Amino acid sequence: MIDVLIIFGPNLNMLGTREPQIYGSDTMVDIMSSLETQASRLGLNISMMQSNDEGELVIAIQKACITARAILFNLAAYTHTSVVLRDAVAMFDGPRVEVHMSNNYQRESFRQISLTAPVSSGAIIGFGVDSFLLGLDAVDRLLDGNGGKDQKS
Ligand code: DQA
């Protein structure tokens, strides 16, 4: 059993060159490296994955149901569209924290709807790369406390 599966959704593999005015210049590998450092500071055993494919992301969450104590995820554009990923997150019985680098509420109206936030323990939005690190802190606190179970919908 790992402590946290960290999931990067579609197009996040292009961070660094993708719309840097919105997402900054750090690459996904840079973010993963910062998360590794933060995880060892917190004493968390993490695993990370990225996929552009909705089905692969569903399978990753299904596997996490039996292999991970918590999930931290940025499902990127699927956040706003995917009922299957919403159902997968809802089925995960443990801390499940959504993150977004940009502040979706300052952007297009279609980004202001998250199908996954209502079935998440909580969401951290708008702090750039720090959203991931703050998200890992949140997961750590939930794992130390009540496991986020009292907030499950
Ligand atoms: C994002 C916001 C989404 O609307 C967008 O599709 C992304 C990135 C973010 O981290 O700000 O790909 O999830």
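Figure 1. A backbone N or O atom of Met101 is placed 2.7 Å from an oxygen atom of the ligand. The model is a predicted one, in which local features need pLDDT of at least 70 and side-chain atom pairs count only at pLDDT 80 or more, whereas totals for chains, interfaces and linings use all residues. Residues are numbered from 1 along each chain as its sequence is written, and side-chain values use heavy atoms, with hydrogens and water left out. In the side chain of His80, an N or O atom is 2.7 Å from an oxygen atom of the ligand. For Arg111, a polar side-chain atom lies 2.9 Å from an oxygen atom of the ligand. A polar contact is a pair of N or O atoms within 3.5 Å; within protein, one must be able to donate a hydrogen and the other to accept it, and residues adjacent in sequence count only if both atoms are side-chain atoms. The residues around the ligand (a heavy atom within 4 Å of it) include Arg18, Tyr23, Asn74, Ala76, His100, Ser102 and Asn104.

Figure 2. Asn104 belongs to the loop between strand S4 (96-100) and strand S5 (122-125); helices (H or I, at least four residues) and strands (E, at least two) are DSSP runs, numbered from the N terminus. With a relative accessible area of 5%, Asn104 is buried. Buried denotes under 20% relative accessible area, exposed over 50%, and partly exposed in between (1.4 Å probe, protein chains only). Leaving aside neighbours within four places in sequence, Asn104 is in contact (heavy atoms within 4.5 Å) with His80, Arg111, Gln112 and Ile125.

Figure 3. One cavity of 30 Å³ or more is counted. On a 1 Å grid over the protein atoms alone, a cavity is a set of points where a 1.4 Å probe fits but cannot get out, and lining residues have an atom within 4 Å of a point. Grid points are joined across faces, edges and corners, and a volume is the space filled by probe spheres set on the points. The largest cavity holds about 130 Å³ of space. Its lining comprises 13 residues, of which Tyr23, Asn74, Ala76, His100 and Ser102 lie nearest the centre. Ala76 is located in the loop between strand S3 (68-74) and helix H4 (83-91) and is buried, at 11% relative accessible area. Not counting residues up to four places away in sequence, Ala76 touches Gly9, Pro10, Leu12 and His100.

**Figure 4. Helix H4, its N-terminal cap and its packing.** Ser82 caps the N-terminal end of H4, with a side-chain oxygen 3.0 Å from the backbone nitrogen of Leu85. Leu85, Ala88, Val89 and Ala90 are the buried residues of H4. These buried residues pack against helix H3 (54-67), S3 and S4.

Figure 5. Asn11, a residue other than glycine, has a positive phi near 75 degrees. Asn11 lies in the loop between strand S1 (2-8) and helix H1 (20-23) and counts as partly exposed at 38% relative accessibility. Glu19, also not a glycine, has a positive phi of about 35 degrees. Glu19 is placed in the loop between S1 and H1, and at 35% relative accessibility Glu19 counts as partly exposed.

Key
1 Å grid on protein atoms, 1.4 Å probe; cavity = no way out; pocket = protein on both sides within 12 Å on 5 of 7 lines; lining within 4 Å.
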